[in-house]
Amino acid sequence: MEQVQFLGPGMDPVSENRPHPVPSGESLHWLTLGEVSHGGQQCFLVSALWAPGMKAGPPQPAGSLPLALAPLSTFSKRPLSTAVLEALSAEESSKARNLENRLEIDGFPPSPLVVKDFIVLRGLCSPALGRPGQLLNGHTNNWAVLVCTSRFWFNYRHVANTLSVYRSVKRLGIPDSHIVLMLADDMACNPRNPKPATVFSHKNMELNVYGDDVEVDYRSYEVTVENFLRVLTGRVPPSTPRSKRLLSDDRSNILIYMTGHGGNGFLKFQDSEEITNVELADAFEQMWQKRRYHEMLFIIDTCQGASMYERFYSPNVMALASSQVGEDSLSHQPDLAIGVHLMDRYTFYVLEFLEEIHPASQANMNDLFQVCPKSLCVSTPGHRTDLFQRNPQNVLITDFFGSVRKVEITTERVALKPDPSSLGYSHLKCQKDEELTEPLNYAEQLPVAQIIHQKPKQKEWHPPGGFILGLWALILMVFFKTYGIKHMKYVF
Amino acid sequence: MAEGRMPERARLERPRGDRGDRERNQALAALTLDPEKIRGKHAALCFATMAVMLGLPLWWKTTETYRAALPYSQIGHLDSMLLRLRVPVSVVFIQGSLPIVDQQKLPFTVVNERDVPLKCKMKLKCRFQLAYRMAGSHEEKAFKKDTIEEAEAALPLPKEDTLGSLNIFVIPEKSSLLPKDKMSYIGPKRTAFVRGTQVRQALTVMGQRILQVAQSMSLTDEVLAAALGDRLPEDKVSLDKRRPLKSSLGYEITFSLLNPDPKSHEVHWDIEGAVENYVQPFLSLLSVVGNFSMDSQILYYAMLGVTPRFDAASSSYTLAAYSLPHVINPVEARLGSRATSLYPVINFLLYVPERAHSPLYIQDKDGARVATNAFHSPRWGGIMVYNVDPSAYNTTKYPVKVDVDMVPVMEVFLSQMRLLFGIPPPQMPENFLLGDPPREGLRSWEVDRLVWARTVENVATVVTTLTSLAELLDKIGNIVIKDNVASEVYRAVDAIQEAVVELSAGNLELAFRYSREAVTSSEKAFFDPSLLHLLYFPDDQKFAIYIPLFLPMAVPIFLSMIKIIVENQKARKDIEKVD
């Protein structure tokens, strides 16, 4: 049963968007095909079938099938739909097909779901069927904290790592307001950057990850261990603006990505301080205690990265690292024009993988674990899932890297009586607005052409340094000449 | 060096070998009695005591994490406290609604208590206090009216019309005020009518009915589920518990008009008038719950993230249900957020589709058109599509002027607002008649239900915050607790105890105020920046820091101590030998 994938287009089968598909009054029967674990919750995999004379009822566990549909094994390797349709009479099968169509409208794609050794027509997982005592899966919002901790030009690749993850999560739908981006150094504006305002992640300047709208929340000397921990725990000074805060709640999935130089049990921040794995684990625990996340994915690309997640003890945290303890993470993509390595191997392959993901794709965490085998990475990427409640198989990449919102159709309306007095008022208002808006024009854009073609600014003249030094020496000499050394004490 | 020392040692050892035991004892005695030696010994001891008595405590004191005293035991008790929610219900019997025998028993008070099972140690009890009495003459007069609405309007204002209280009137069984098949009527205020009975044990039967009505007007299971979330056993958790916004001190409401095609549409909306007429009265009823601030904006060239599909049959464009989740994100980037406030933001978007894509309709899962043409997202807000009247395009002059009719728009937005604040449309049993909501769109008892839910939620939040703070302090050593943080914790503990007391006394409004105070204080304490005052250092690093400080001082002290001890022992041995 491990191979089940739910193929709703970007939707979570376990949600309020998926009501009981059985219309009331119709006699339908639930055929239970087995149990799967989804979202830490044991679900029945069922297919709704019409059968004459049967009342709609809750699905029965596998093994107590009252239908003459033969045991499941007989459907092995065959699409269940045909198997079932064969078993039913013509009239029944047409009804079953109708149901199939309805399910299709419901958002289930036509492609069959593969369940290890047999193929099922449709997988349905209703939360009402879940066994008590297990958590409901569900997050309503996604957050990302992306941290690059390195300074200086030769650490170009760390900035590119972070920006490439930033680009991916943004493309997959996490808005800037939900991303806290910490970049210790601004490579795009570095004087040694031969291509200013760009940060490339691929050789030959193929992919510029420094897009038009990179919103850096913490930059250069603001990227400190303290600030990072404050962001995580929410203990920021009251004057901190909204964009610099992690305003997550108990229904937030958080992605934390870190890259930089690290060692066994620590990650260096800007060559001046470091964060230890204990500190990080404690911060996560504080977040958990305050219900600041629902689930968390921690990814770190650094040497001995696995040491950073060793000490985690808070639930619902999944962690990935680029290398094991005792191993170095290696760089990738040396570029002759830029003169440095453009990316780290692990993030490079993660990025390649993420470029294939779209908001509705069904790739799961197991795919992410296999993104960078040792043959490509040279180091051995590690992961830790024992704290996580769900099976990584059932965790979509988009649960963390994207933001697929739950929506509900609004069916109700509040009956409002139009206020006659307000109508006149609003009419007046409208007229006033019209008068105001009439002469509006598009604003004059920034005079880009002028700015580009203007002459370089004349440098202001400064006296040379030697001149100033000489002047001071002269003043001192004159001073000693007049007063002599022994009067020094009156001066100082 | 070695050669230089040799003769010296030889000189020292020679007298030992040459002289006898007695002489050596004498020499030792002289040595120990030598005042210079004794002074040295005393000095060494003095240094050692100073270091131990003064230095160590000083070092300990100055390097320890500052922790003001916290009411740990009280916080520990919070976790397993008993929360009793008292709902005061006044039950008024109209003449003829009860058998005469039972009438004589009045007035009296019945208390009904119900346990709500919780996963944690906390206990929750709902207590309905039903005060039975006969109707006064004023009330009797009101029930002479023809319809139930008139009767309700004619009722004198009840003595107790506070938040959370209920008034239930029992009308005669044969009364024509209610339709035949209806058993009860629930009005827009805190008033309900229940049909009486003439059977034996009438009071018991009535008690059940009244309880049912009172429950559905105040503490239903949904209310508690919304408030307690993950503390309830799973089989009780309703699915829409994720929909409402969390309790907060205030909310920001933003109305945005999206005009992706300003070349063809010139859209006007009278948002100011609509807010004044419809939203403000609605929110003023909710003002107990929090502060609301509103703003509006018009965004041009703001597109949805999804391209609508053309439906040839109706020559319109459709947005299928499964594509709706992808609509919001691209738009959200344009909405902007206010930097100053940290309250949750609720967005309401009115989207006027481009001319090329209109009319645009939202489809539900069955492919049917959604009547409201709107959808909402939990804890975020709502979006409504507003189609331009196609006849407006019969013109050569572009942009076409569009005046948005705000009434249907506000009808949808207000119903979404209800859902987002956790006031779903009430679901009543079949035989209940529900009065129309007043003009503001909110029934009084619905507000009460929300306040109940928020109070319980606040209490639960404070309990978790305080207990987890205590737990964290226990677990993580380097968290600093300053005095101001401690005082906030004390304030939170006091406020929550007050809230619990007021809840069990039935004063909902006071309880809510206290619970809010407790939330504010506890959050302030938990998120105080000073808690993160010290960074973590592993023990080996601490060792590395202190070694250079302690080693130069410790070596001479230890050596002299060892010397003193060795000498003392030697002296004692010698004395024994002498004896």
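Strands here are DSSP runs of E with at least two residues, numbered from the N terminus. Keep in mind that this is a predicted model.

**Stop 1: a strand residue.** Select residues 108-116 of chain B, which make up strand β2, and pick out F108(B) there.

Now show what F108(B) touches: leaving out residues up to four places away in sequence, you'll find L130(B), A131(B), Y132(B) and L203(B). Take L130(B): it sits 22 residues from F108(B) in sequence, and the two are 8.4 Å apart in space, C-alpha to C-alpha.

**Stop 2: a bent helix.** Next, select residues 271-286 of chain B, helix α10. Where does α10(B) bend? Look at V279(B): the bend there is about 40°, and the proline P281(B) follows within four residues. Color the buried residues of α10(B) too; among them are V279(B), P281(B), Y278(B) and F282(B).

**Stop 3: two helices packing.** Finally, select α4 (residues 72-79) and α13 (residues 444-475), both in chain B. They pack at an angle of about 130°, with their axes 9 Å apart. That angle makes α4(B) oblique to α13(B), and their crossing is left-handed. Show side chains for the contact: α4(B) brings Y72(B), I75(B), L78(B) and D79(B), while α13(B) brings V463(B), L466(B), T467(B), A470(B) and L473(B). By class, that contact has seven nonpolar residues, one polar and one charged.

Methods
Residues are numbered from 1 along each chain as its sequence is written. Chains are lettered from A and ligands numbered from 1 in the order in which they are written. This is a predicted model: local features need pLDDT of at least 70, side-chain atom pairs count only at pLDDT 80 or more; totals for chains, interfaces and linings use all residues. Side-chain values use heavy atoms; hydrogens and water are left out. Axes are lines fitted to C-alpha atoms, for helices over the stretch in contact, and angles run from 0 to 180 degrees between N-to-C directions. Angles under 35 degrees count as roughly parallel, over 145 as roughly antiparallel, 65 to 115 as roughly perpendicular and the rest as oblique. A crossing is left-handed if the near helix is turned anticlockwise from the far one by less than a right angle, and right-handed if clockwise. Contact means heavy atoms within 4.5 Å. Ala, Val, Leu, Ile, Met, Phe, Trp, Tyr, Cys and Pro count as nonpolar, Asp, Glu, Lys and Arg as charged, and the others, Gly among them, as polar. The bend at a residue is the angle between axes fitted to the seven residues ending there and the seven starting there. Buried means under 20% relative accessible area, exposed over 50%, partly exposed in between (1.4 Å probe, protein chains only).
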